[in-house]
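Hello,

Here is the structure I promised to pass on to you. Have a look at it first, and then read on for what I found in it.

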Amino acid sequence: MKINNKEWNDGAAHLLTFAIKKIWKDAELILSFSNEETFYCDFKFSNPVSQNDFKVIEKQMKKIVGGAYKLIHNGNNEIYNWELVDHINGQCDTNNSIANTNLLKNYKLLSLAGAYLNNDSSLEQVTRIHGVARANTQELNDFLNILKERKERDHRNIGKELGIFTFSPLSGKGFPIWLPNGFIVREEIKKFVTSKERKYNFTEVITPSLGSIDLYKTSGHWDHYKDDNYPIIELDKEQLMLRPMTCPHHCIIYKKSNHSYKDLPIRLSEHAKLYRYESSGSLSGLERVRAMVLTDAHIFARVDQIRDEFKHAYKLINECLEAFNIEIDYISLSLRDPEDKEKFYDDDEMWNKGEVLLEDLLKELKVNYKKMTGEAAFYGPKLDIQIKTALGREITVSTLQLDFLLPNKFELEYTNKDNVKERPVMIHRGLIGTYERFVATLLEQTKGALPLWLSPLQVQIIPVSRAESHLEYCQKIKAALKEDNIRADIDVREERLSYKMRQAQTKKIPIQLIIGDQEVESQTINYRLYQKTDSHVLNIQEFIQKMKKSINQKCPF
Ligand code: ZN
């Protein structure tokens, strides 16, 4: 019977506990956990234990296994438990009963850190030892490589190394602070995305972060998202809350003027700061935060425009994602569950119409889609654009949601051809999701080596020496680049050339210019690209033209 990864991990957790108790008699096991990936054990020690003790622990584990450690099956051949088989006392009949493949010997301790029981900071603190076990060396090494890859792509590490963002317990958990380099990345994304939105005839608006409770009671968000919201702020008998979404504000904008059928569709976009309360245990870097900026929009349209509007917005999404080399994996078409109509807004005709329309469109677009029955929003069917991250996780990056309900709640109207009032429908559009989640995805995808147009520092100028002629020429190049909005810096530190070049690589700067006597004399530049070893010579103007082309067309240099 094949032992699966979880069982190997179970066994290693068992073995670890055994070894720990052999070394530290009064150590107490509080909790042991394992899944298909790894395992961990929470201990209470009376003496300080650190990662430096891993050697001793692993040695002890090996010693125990030397005695033989085996997975015992019960009568039905189901897994029963891992047990130490004591050869010396003959509890195990012979060595033969332990097939060599069943021996627990491919494991590794990964980390040791303080942790709270159940990740709850009000509970007691324990020492958590993390580890992994597999059936053989090959599988163990493969998994260790996956862990290494994850670490290299972890946006939290990259964000720190590249000065993109930081967090401070003093300023509040889950509230990212964007550093100068992060600001540049965001601004570049914003400039690009906004230019696309304008091309697709979206109109930008700005609405406030705080809204009156009545607004959210009218929209229904108050009842629906109660647990995700921050508590009410009371001021001068007015009750306010930090907004979790912009839809109600955009409804107010729509309602401010009279609309004829000819005015529709009206597309309002806003990159809006939103606030949602997430439990502290679920916060994770930029992926899960408590304040975020969503690339939001709302389209107010006639029923006969739904199809075209979805198509229009989908084209926009596609164009944006393509520029970031993000491939759509599939589209999830979320429908209502016809067996469970109570969960959904009650309007059969609208639902049937909307759902058929969206599916027809997906067929026309020839995109890969999956129908998800019962996954629709309360207010209507939706399309979620799903991508696979570099680490293979599936996330929703963009969304298009049809809404029959909100126009009713706000009593939105337009005048039709026959001069009769009608209700428009609303489409909620998330273009590239939130900046937070999107930047996390980009950092993971690129390991921090952002494309030239997004890179906070695009050119690192490195003088061969600190000779005045070198520095002067470097300044001249920097000024010329700045003139064309190219972000460049000179490394004037008193370090070896090779060291500076290595540092520019570590910081993942796309282009290095090496400036020495030859370049000064010929008034040229010598450049090399990130992760390339060959260098090329151009004059400054040629270089700038090549840079501008790459930046504007978002293509490789
Ligand atoms: Zn919305």
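This is a predicted model: local features need pLDDT of at least 70, side-chain atom pairs count only at pLDDT 80 or more; totals for chains, interfaces and linings use all residues.

A word on domains before anything else: their bounds come from an automatic or database domain assignment.

Residues are numbered from 1 along each chain as its sequence is written, and side-chain values use heavy atoms, with hydrogens and water left out.

Confidence

pLDDT is the predictor's confidence in each residue, from 0 to 100. Its mean over the protein is 89, and 93% of the residues reach 70 or more. Residues 87-101 stay under 50, and the model has 16 contacts (heavy atoms within 4.5 Å) for them beyond four places in sequence.

The zinc site

Which residues coordinate the zinc ion? They are C247 through SG, H298 through NE2 and H428 through ND1, at 2.0 to 2.4 Å. Donors here are N, O and S atoms within 2.8 Å of the metal (3.2 Å for Na, K and Ca), and sites may look incomplete because water is not among the atoms. Along the chain, the donors are spaced as C-x50-H-x129-H. H298 sits in strand β14 (residues 291-301) and H428 in strand β21 (residues 425-434), so this pair ties together parts that are 130 residues apart in sequence. Helices (H or I, at least four residues) and strands (E, at least two) are DSSP runs, numbered from the N terminus. H298 is buried at 0% relative accessible area, and H428 is also buried, at 8%. Buried means under 20% relative accessible area, exposed over 50%, and partly exposed in between (1.4 Å probe, protein chains only).

The sheet

Two strands pair if DSSP finds at least two bridges between them. Strands β15 (residues 330-335) and β17 (residues 382-388) pair in the antiparallel sense over 5 bridges, with I331 opposite I385 in β17.

Cores and domain 3

A nonpolar core is a set of buried Ala, Val, Leu, Ile, Met, Phe, Trp, Tyr and Cys residues joined through side-chain atoms within 4.5 Å. The largest has 83 residues, of which I189, V459, I461, L513, I525 and F543 touch the most other members. Helix α9 (residues 306-323) gives the largest share, 8 residues. Domain 2 and domain 3 both contribute, so this core lies between them. Apart from it lies another core, of 27 residues, including I20, A27, C41 and I64.

Beyond its neighbours within four places in sequence, F543 contacts V459, L481, I511, L513, I525, Y527, L538 and F557. Y527 has H536 in β26 as its bridge partner. Strands β25 (residues 524-529) and β26 (residues 536-539) run antiparallel, joined by 4 bridges. They form a hairpin with 6 residues between them, where Q531 in the turn has a positive phi of about 65°.

Happy browsing!
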